[in-house]
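Please have a look at the sequence and the structure before I go on.

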Amino acid sequence: MKNPMDRQLEKQLSERAVAIGREGNVAAFGELQQLLRSSSANARRLAASAMGKLAWLGVDQAAAVAALAPLARRDPHPQTRQYAIKALKAYGVAAKDTLSDLRDMTANGFAYRYDAKFRIIGEFQIRPDFYLPELDVYIEYWGMDTPQYKMNMYKKQTLYQQEGKRLVSVYPADLSRLGALLTAKLSRYGVSVGIDARSEVSR
């Protein structure tokens, strides 16, 4: 279905979102929140990108996450969802909140590090979504579907494999059965985790 918004208005809203992000205009935070609710998919996408750029500039992080989360989970346009997920990562919560069942691991005595840097091969440095140091297991949530993202995903998976790392991959289709999936995949490494197999991630 075509966007019913007037093209000129859509252009103005989109350009405004880009300008806010480029300028790091924290004072326009409320305006960005409104743009995230626009009927224009392009304006929402660019507003999400701008919101991510404000992450380190002192904005209300809880409010930013609350504004971005619905887009990341339910926006009808894939690119808008992808931009919202990327923006959430700037606030350090995207994968952590999406994979909330990992909290059960800490309850079972397993420590984890979220988004920790480590060097894997030579000059290549990657940031795993989660690392379980006691188990030497890496968990990655592959949440986007663009060609560039998939290319980087395959490259990253290859690096893990070449280095003999223990990798658990999670995809959007896995979220409704995440508890059972993590339990099964970790058991392959001889790890017993008491995650409720019936648990589902809210969408």
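Predicted model: local features only at pLDDT ≥ 70, side-chain atom pairs only at ≥ 80, totals over all residues.

Where does Ser-169 lie? Ser-169 belongs to strand E6, which covers residues 166–170 and is mostly covered, with 4 of its 5 residues buried. Is Ser-169 itself buried or exposed? Its relative accessibility is 9%, and because of that value Ser-169 counts as buried. If we leave aside the neighbours within four places in sequence, the residues in contact with Ser-169 are Glu-140, Trp-142, Gln-157, Asp-174, Leu-181 and Lys-185.

One of those contacts, Glu-140, is also the bridge partner of Ser-169 in E6, and that takes us to the neighbouring strand. Strand E5, residues 137–141, is joined to E6 by 5 bridges, and the two strands run parallel. To get from E5 to E6, the chain passes through helix H8, residues 147–162, and this β-α-β crossover is right-handed.

Let me stay with E5 for a moment, since 5 of its 5 residues are buried. Which residues of E5 point which way? Val-137, Ile-139 and Tyr-141 point one way, while Tyr-138 and Glu-140 point the other way, and all of them are buried. As a reminder of the background, side chains in a regular strand alternate between the two faces of the sheet.

E5 has a partner in E4 as well, for strand E4, residues 130–132, is joined to E5 by 3 bridges, and here the strands run antiparallel. E4 and E5 form a hairpin with 4 residues between them, and in the turn Asp-136 has a positive phi of about 55 degrees. If you look for Tyr-138, you will find that it is the bridge partner of Tyr-131 in E5, and that Tyr-138 also stands opposite Leu-167 in E6.

Now to the helix in the crossover. H8 has 16 residues and reaches 23 Å from its first C-alpha to its last, which is close to the 22 Å expected at 1.5 Å a residue. Which residues of H8 are buried? They are Tyr-149, Met-153, Lys-156, Gln-157, Leu-159 and Tyr-160, and, seen down the axis of H8, the buried residues fall within an arc of 155 degrees, so they line one face of the helix. On the face of H8 turned away from its buried side, we find the exposed residues Pro-147, Gln-161 and Gln-162. After H8 comes Gly-164, and its phi is positive, near 70 degrees.

Let me turn to another part of the chain, where helix H3, residues 41–53, is found; H3 has 13 residues and reaches 19 Å from its first C-alpha to its last, close to the 18 Å expected at 1.5 Å a residue. H3 is mostly covered, with 10 of its 13 residues buried, and among them are Arg-44, Arg-45, Leu-46 and Ala-48. What covers the buried residues of H3? The covering includes helix H1 (7–23), helix H2 (29–35), H4 and helix H5 (78–90).

From H5, I would pick out Tyr-83, whose side chain makes a polar contact with the side chain of Arg-45 at 3.3 Å. Tyr-83 is partly exposed, with a relative accessible area of 30%, and, leaving aside neighbours within four places in sequence, Tyr-83 is in contact with Arg-45, Ala-48 and Ser-49. The C-alpha atoms of Tyr-83 and Arg-44 are separated by 9.1 Å, although these residues are 39 residues apart along the chain.

From H4, residues 61–74, I would mention Ala-62, which is exposed, with a relative accessible area of 58%.

Finally, the chain as a whole has 9 helices and 6 strands, and buried residues make up 46% of its 203 residues. Among contacts between residues at least 6 apart in sequence, 54% join residues at least 24 apart.

Note on methods: Residues numbered from 1 in each chain as written. Heavy atoms only, no water. Buried < 20%, exposed > 50% of the residue type's maximum accessible area, 1.4 Å probe, protein only. Pairing = 2+ DSSP bridges. Right-handed = clockwise from strand over helix to strand, strands pointing away. Contact = heavy atoms within 4.5 Å. Expected span 1.5 Å × (residues − 1). Arc of directions from axis to C-beta. Polar contact = N/O pair within 3.5 Å; in protein donor to acceptor, adjacent residues only side chain to side chain.
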